[in-house]
Amino acid sequence: MLSTGTPPTIAAIATANGRGGVGVVRISGKNLLPFAQQITGGKTPEPRTALYTDFLDAQGNAIDNGLLLYFTAPASFTGEDVLELQGHGGQIVLQMLLQRCLELGARIAEAGEFTKRAFLNNKLDLAQAESVADLIDASSQSAARMAVRSLKGAFSAQIHTLVDDLITLRMLVEATLDFPEEDIDFLEAADAKGKLRALQTQLADILANARQGAILRDGMSVVLVGAPNVGKSSLLNALAGDDVAIVTDIAGTTRDTVREQITLDGVPIHITDTAGLRQTDDVVEKIGIERSEKAVQNADVALILVDPSEGINKTTRDIMCRLPAHLKRIEVHNKIDLRNVQAARSDDAAAQSLSGADTVISLSAKTGAGLDLLKAALLQQIGWQGESEGLFLARTRHIHALQTAQAELENAALCDNNHIELLAEHLRLAQAACNQITGEFTSDDLLGVIFSRFCIGK
């Protein structure tokens, strides 16, 4: 049996569940050469050279055959010795290989533990580590490109430059604390205020890009609301380009929420077709309405479907009263094909809106006329400005950290020459907030939350 040592050797199936041509078991730990020799019957693999071999059980019988790759520390993904057993992609044989690794002293890896070790061994910073999961979860080509950019360090490089400039300013400010009689002249000669303004501009640019990156990563949640049989399901089908919802002339056909994801200009849009929000004695429909109300509460934008021939009837008014105040609204006049009306968009609510929404779209879910106007309005609501070379994927915690740093710089700008200590403290707190992004200053609890959301084997 191989001694696990500290930290322990970890192993996991690194390929997805199901059948496939190739399956991979990954192992990471200290001094894995004896481990490799036991599983190959005494063969000694050369680092970074594929070895075609049988993978043996404890009795020397072949579990499978395939390629063994051996990466020696620190030149590996985790910074430790790493083995990859590339065999056939059947779940039974992969489980047998994994069990053999456990017999040899490994333990099953926790979610994200390989990437966490890469972070702890300084192979990746925290923003880069998170981009590994973002790349795996990317729901569009644009999101994948931005995740790769973050993985290669584009986001981290901007944060490191900002922190370096912050440190330079902090050194100037804190140096005055040793020479209080000269502080005013010293800071003026060093243009401390000018450097602070430059930092604020630099941070504002990074925050703007991070907000765009967060849109690309998280997308937008949209709910379709309106009276029964006003065309919500038809609009969902038109946006999805498929018959994902049942459409009939019978009110109450949609008795549960129907969810679909589309991609607009690389941005994932999560659309929920709600059961008509109305009073009903139908037990099943009541459950669907409860789920619809929950979806509305969690949404970013509501598409309020209105039949202009009926206007805002009592049912629609009741629905509007249930919408949360923070929810952005687009009013959609459907069925223009029945009224011989041209597709149109208006951002002048006072001119056309029946519900008080800021944007009104006239379209036909049946013919598709006006759908492009609606898609453009959705992207405008979320603030998407289009993919650019400077973008990178960002998470909510990154946005919060940058906002904290921005607030500290704003407070620093309010400090006059009589409050040098306060100025120094605000700059220190701004740097600490930025350091949380890349992991130079991060609590163990936060690390546990971040890596627990990774998949097993990564």
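This is a predicted model: local features need pLDDT of at least 70, side-chain atom pairs count only at pLDDT 80 or more; totals for chains, interfaces and linings use all residues.
With which residue does Arg117 form a salt bridge? The partner is Glu113, and the closest N and O atoms are 3.5 Å apart. The chain has 458 residues, of which 48% count as buried, and it contains 16 helices and 13 strands.

**Overall make-up**

- The accessible surface of the chain is about 21600 Å², and carbon and sulfur atoms account for 51% of that area.
- Among contacts with a separation of 6 or more, 68% are between residues 24 or more positions apart.

**Nonpolar cores**

- In soluble globular proteins, nonpolar side chains tend to be buried together.
- The largest nonpolar core comprises 35 residues, and Leu235, Leu303, Ile330 and Leu374 have the most contacts inside it.
- Helix 13 (residues 371-382) supplies the largest share of this core, namely six residues.
- Domain 2 (132-215 + 395-439) and domain 3 (219-382) each contribute at least three residues to this core.
- Beyond its neighbours within four places in sequence, Ile330 is in contact with several residues, including Val301, Ala302, Leu303, Ile304, Leu374, Ala377 and Leu378.
- The contacts of Ile330 also include Thr359 and Gln381.
- Another core, of 34 residues, lies apart from the largest one; among its members are Ala192, Ile206, Ala214 and Ala412.

**Salt bridges**

- Side chains of opposite charge can pair when their charged atoms come close.
- The count of salt bridges comes to 13.
- Arg117 and Glu113 are four residues apart in helix 3 (residues 113-120), so about one helical turn separates them.
- Both members of this pair are buried, Arg117 at 6% relative accessibility and Glu113 at 8%.
- Arg26 pairs with Glu84, with 3.0 Å between the closest N and O atoms.
- This pair links distant parts of the chain, as Arg26 is in strand 2 and Glu84 is in strand 5, 58 residues apart.
- Arg26 is buried, with a relative accessible area of 13%, and Glu84 is buried with a value of 13%.
- Arg217 and Asp134 form a salt bridge through their side chains, at 2.8 Å from N to O.
- Because Arg217 lies in helix 8 (residues 192-218) and Asp134 in helix 4 (residues 126-137), this bridge ties together parts that are 83 residues apart in sequence.
- Arg217 is partly exposed, with a relative accessible area of 30%, whereas Asp134 is buried at 6%.
- Arg217 and Asp134 also belong to a network of salt bridges that includes Glu130, Asp218, Arg395 and Arg397.

**Local backbone features**

- The peptide bond from Ala73 to Pro74 is cis, with omega near 0°.
- Pro74 is placed in the loop between strand 4 (62-71) and strand 5 (81-89).
- Asn31 is not a glycine, yet has a positive phi of about 55°.
- The loop between strand 2 (20-29) and helix 1 (33-40) holds Asn31, which is partly exposed with a relative accessible area of 46%.
- Arg48, also a residue other than glycine, has a positive phi near 60°.
- Arg48 is in the loop between helix 1 and strand 3 (51-56) and is exposed, with a relative accessible area of 53%.

**Annotated positions**

- An unreviewed UniProt entry places the feature "binding site" at Ser233 and Thr254.
- Ser233 is in helix 9 (residues 232-240) and is buried, with a relative accessible area of 10%.

How values were computed
Residues are numbered from 1 along each chain as its sequence is written. Side-chain values use heavy atoms; hydrogens and water are left out. A nonpolar core is a set of buried Ala, Val, Leu, Ile, Met, Phe, Trp, Tyr and Cys residues joined through side-chain atoms within 4.5 Å. Buried means under 20% relative accessible area, exposed over 50%, partly exposed in between (1.4 Å probe, protein chains only). Helices (H or I, at least four residues) and strands (E, at least two) are DSSP runs, numbered from the N terminus. Domain bounds come from an automatic or database domain assignment. Contact means heavy atoms within 4.5 Å. Accessible areas come from the Shrake-Rupley method with a 1.4 Å probe; for residues, only the protein chains shown count as cover. UniProt positions are given in the numbering used here, feature names are shortened, and annotations may be inferred rather than shown by experiment. A salt bridge is a side-chain nitrogen of Lys or Arg within 4 Å of a carboxyl oxygen of Asp or Glu.
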